[in-house]
Amino acid sequence: MTITLPAAGSYTLRNASVPASVMDDAASGALRTVDIAVTGGAVSAITPASSSPTAGGIDLDGGIVLPAFVDLHTHLDKGHIWPRRQNPDGTWIGALMAVLEDRQANWAASDVERRMDFALRCAYAHGTAAIRTHLDMAPPQHTISWDVFEAIRARWAGRIELQGVGLMAPDTILDPAALRAIAERTKAAGGVLGGSTAVHAENPTIMRRLLEMAGEFDLDIDLHTDESPDPAASALRSLADAVIETGFTGTVVAGHCCALANQPADQAQATIERVAQSGVAVVSLPMCNMYLQDRDNVDRVRTPRWRGVTLLNELKTAGVPVAIASDNTRDPFYAYGDLDGFEVLREGARILQFDHPQADAFAWARSVGADPAAIAGFAHAAKLAVGVSADLVLFGARNWTELMSRPQSDRTVLRAGAAIDTTLPDYRELDDLMGPHL
């Protein structure tokens, strides 16, 4: 669908289909047909369709309009290294070791900066307005990546709002000196304290030390928890227990939580109730988790037995704040992806099966918009409301099945009411970083 907008001035998007959930926090995602007036780059009025004057209006003919996307969990520092460092067997440990090798060999500031900027140009063209990225903190990378992140954040201000998370391994969190050094650098960068753990005998201690350090430095927390098929993984439960027992008041996000879906029903339910009590939010990474989980590096012809994702529907029903996000892009943890918030929504609907009844499915549009924005505390609210910047994504599709059946590569992206160039950067730009590995 070709949409022509005026270069300047006021205009009205007529006959736009908008999920109720992105306008007024409604639980239902039922589509409403409205006219959206834009003045001075902001939404100036939202009225029932056809009640606005038709002169100067752009008729969307029922096309769906969503707020710009918010991506709560990404890895910009790892992105786009696949051509030079593939995952040898597709497993999680294969990915971990491949990234370790590539980081030690290649992650100078110039390399990280160029790949980050490339990824952000992709996200921007797709319609994303806010991103939280995890950054590997293995020394000396913590000094390199935070410097690059701060420069990138300043460069992209006004286009994509960025948050950074210092990602630590369990041994780093258990090392008081190392933990403090990373907390200090994270605080200086205005970041979030993070880490990764699954099956670990010291999970309760890991969580308490992390919470204590976050409390001392007034930092929020965002963790990779239980990114494993092992039912014995206990990081999520340990995190919820620690938050409740310490009275930690900062924002806490738990990512992945895959093992929850492989635990006995009573154990999983007890953890879900504890997470709800603690106020911990959960972000699912459906594309990466389905790709990476339940692979067997011995029997290469084995078909996966489970989807690899957490119990997101059950968590949401229990009152846990939830979101879905991109995770990795073109690196050993996920060979695909392009930081496209709509792709996350479309594939999330299929993988997590939140697409029926379809009226309720549209409410899940918030899971790549207003909900992660609220969880992370982004200034960009990702809502369609009067007085808010007209950062919108316009689709030709008129209903759920039309929207979800195609990639919607012809979408129109508005920032402050103006259509942006949605041409994606060419992968050839990174060829010189890949060396002879193409």
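Here, buried means under 20% relative accessible area. By that cut-off Ser326 is buried, because its relative accessible area is 3%. Keep in mind that this is a predicted model.

**Ser326 and its surroundings**
- Ser326 sits in the loop that runs between β13 (322-324) and α12 (341-352).
- Leaving out residues up to four places away in sequence, Ser326 touches Asp71, His73, Thr74, Leu285, Met287, Leu339, Asp340 and Val344.
- Arg115 is 211 residues from Ser326 along the chain, and the C-alpha atoms of the two are separated by 16 Å.

**Helix α7**
- Helix α7 covers residues 203-217, and its 15 residues should span 21 Å at 1.5 Å a residue; the end C-alpha atoms are 21 Å apart, so the two values agree.
- The buried residues in α7 are Asn203, Ile206, Met207, Leu210, Leu211, Met213, Ala214 and Phe217.
- These residues lie on the same side of α7, because they cover an arc of only 165 degrees around the axis.
- An α-helix has 3.6 residues a turn, so residues three or four places apart point the same way.
- As for partners, the buried residues of α7 pack against α5 (170-173), α6, β9 (192-197), β10 (221-225) and α8.

**Helix α9**
- Helix α9 (residues 265-278) has 14 residues, and from first C-alpha to last it reaches 20 Å, close to the 20 Å expected at 1.5 Å a residue.
- Ala268, Thr271, Ile272, Arg274, Val275 and Ser278 are the buried ones in α9.
- They end up on the same side of α9 because their arc around the axis is only 165 degrees.
- The buried residues of α9 pack against α8 (235-246), β12 (281-284) and α11 (312-317).
- Just after α9, Gly279 takes a positive phi of about 85 degrees.

**The α4 and α6 pair**
- Helix α4 (residues 141-156) packs with helix α6 (residues 176-188) at an angle of about 10 degrees, and their axes are 10 Å apart.
- That angle makes α4 roughly parallel to α6, since angles under 35 degrees count as roughly parallel.
- On the α4 side the contact is made by His142, Trp146, Asp147 and Glu150, and on the α6 side by Ile182, Arg185, Thr186 and Ala188.
- Sorted by class, the contact of α4 with α6 has three nonpolar, two polar and three charged residues.

Terms used: Residues are numbered from 1 along each chain as its sequence is written. This is a predicted model: local features need pLDDT of at least 70, side-chain atom pairs count only at pLDDT 80 or more; totals for chains, interfaces and linings use all residues. Side-chain values use heavy atoms; hydrogens and water are left out. Helices (H or I, at least four residues) and strands (E, at least two) are DSSP runs, numbered from the N terminus. The expected span of a helix is 1.5 Å times one less than its number of residues. Buried means under 20% relative accessible area, exposed over 50%, partly exposed in between (1.4 Å probe, protein chains only). The arc is that of the directions from the helix axis to the C-beta atoms. Contact means heavy atoms within 4.5 Å. Axes are lines fitted to C-alpha atoms, for helices over the stretch in contact, and angles run from 0 to 180 degrees between N-to-C directions. Angles under 35 degrees count as roughly parallel, over 145 as roughly antiparallel, 65 to 115 as roughly perpendicular and the rest as oblique. Ala, Val, Leu, Ile, Met, Phe, Trp, Tyr, Cys and Pro count as nonpolar, Asp, Glu, Lys and Arg as charged, and the others, Gly among them, as polar.
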